[in-house]
Amino acid sequence: MAANDADQSGRKIILEVFRYRPDEEDEPRFDRYDVPYREDWVVLDALNHVKDTMDGTLSYRWACRMGVCGSCGMMVNGEPKLTCATFLRDYYPEPIRIEPLDYFPVIRDLVINMDDFLHKLDDVQAWLIPKEERSVSEGEYRQSPAELARYKQFSMCINCMLCYSACPVYGRHQGFIGPAAIALAQRYNLDSRDGGAEDRAEVIFSHEGIWECTFVGDCTRVCPKNVDPAAAIQQAKVAATKDLFMSVLVPHGTKEQ
Ligand code: SF4
């Protein structure tokens, strides 16, 4: 359906859109756009309508339009949302206020700077670190369904960063490693093919890691993929506590005796 198709009834909905060019403007402002109201439009459709027919200078990120790429996250009436999965009909006839994700620097309008999150993924080494050398001739590293099930939920993360914008701890202290990075660290720590848990521990168990989390749970509430980062953090806390007790009960080197 073309983005500029008018609603048959002529109904409109107001978008109040955050506008800001930090290099050129002292203060942000909100621009109001009357856009056609359609039952089947999501907020991203309405933004695309503005961009295509009303104001081509509006800047925002999007790509897949199907909840996979994770790039269209914004604050919608104060809640972090994927705008490709947030329907106008859930707000009509009230206005919809659209802002950049909370707690991230604004590059322009609704586009945020993701560097902090990307560095955190790097810090926790959010990738598979093979636990043993394996040649091509040895074939693939097989995994049972039960082994897959241990981490599968955490692997559904699409890096949308909604959980960071919902996290009051991250809001106060951007040094906190945060929900998604810890969930992704757990995703690899729980993978039977991975041997990187010790490498990740230094960051995950640091002052800026899991112990910063006060288990508010908003990260899990807003996650569009049911990753449950709050559970990942609590799992990591339990694992760390068990390791601590074991290190007390079984002093270093005793296991080999
Ligand atoms: S854990 Fe959920 S909310 Fe956080 S980045 Fe991943 S998909 Fe997005």
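Visitor: Before we start, what does contact mean here?
Guide: Contact means heavy atoms within 4.5 Å. And keep in mind that this is a predicted model.

Visitor: Where does Asp-109 lie?
Guide: In the loop between strand 6, residues 106-108, and strand 7, residues 111-112.

Visitor: Buried or exposed, that Asp-109?
Guide: Asp-109 has a relative accessible area of 1%. Buried means under 20%, so Asp-109 counts as buried.

Visitor: What lies 3.0 Å from a polar atom of its side chain?
Guide: The backbone nitrogen of Ser-59 is 3.0 Å from a polar atom of the Asp-109 side chain.

Visitor: Switching to the ligand. Where does it sit?
Guide: In the second largest cavity.

Visitor: And which residues are around the ligand?
Guide: There's a run from Cys-157 through Ile-158, Asn-159, Cys-160, Met-161 and Leu-162 to Cys-163.

Visitor: You mentioned Ala-180. Which helix has it among its buried residues?
Guide: Helix 6. Its buried residues also include Pro-179, Gln-186, Arg-187 and Tyr-188.

Visitor: How many residues of helix 6 are buried?
Guide: 10 of the 11 in residues 179-189, so helix 6 is largely enclosed by the rest of the structure.

Visitor: What do those buried residues pack against?
Guide: Helix 2 (115-123), helix 3 (145-151), helix 4 (162-166), helix 7, helix 8 and helix 9.

Visitor: Where are they found?
Guide: Phe-215 is in the loop between helix 7 (197-204) and helix 8 (218-222). Asn-226 is in the loop between helix 8 and helix 9 (229-249).

Visitor: Is Asn-226 buried or exposed?
Guide: Asn-226 has 60% relative accessibility. Exposed means over 50%, so Asn-226 counts as exposed.

Visitor: What joins Tyr-92 and Pro-93?
Guide: A cis peptide bond, with omega about 10°. Pro-93 is in the loop between strand 4 (79-82) and strand 5 (96-99).

Terms used
Residues numbered from 1 in each chain as written. Predicted model: local features only at pLDDT ≥ 70, side-chain atom pairs only at ≥ 80, totals over all residues. Heavy atoms only, no water. Near = heavy atom within 4 Å. 1 Å grid on protein atoms, 1.4 Å probe; cavity = no way out; pocket = protein on both sides within 12 Å on 5 of 7 lines; lining within 4 Å. Sits in = over half its atoms within 2 Å of the grid points. Helix = DSSP H or I, 4+ residues; strand = E, 2+ residues; numbered from the N terminus. Buried < 20%, exposed > 50% of the residue type's maximum accessible area, 1.4 Å probe, protein only. Polar contact = N/O pair within 3.5 Å; in protein donor to acceptor, adjacent residues only side chain to side chain.
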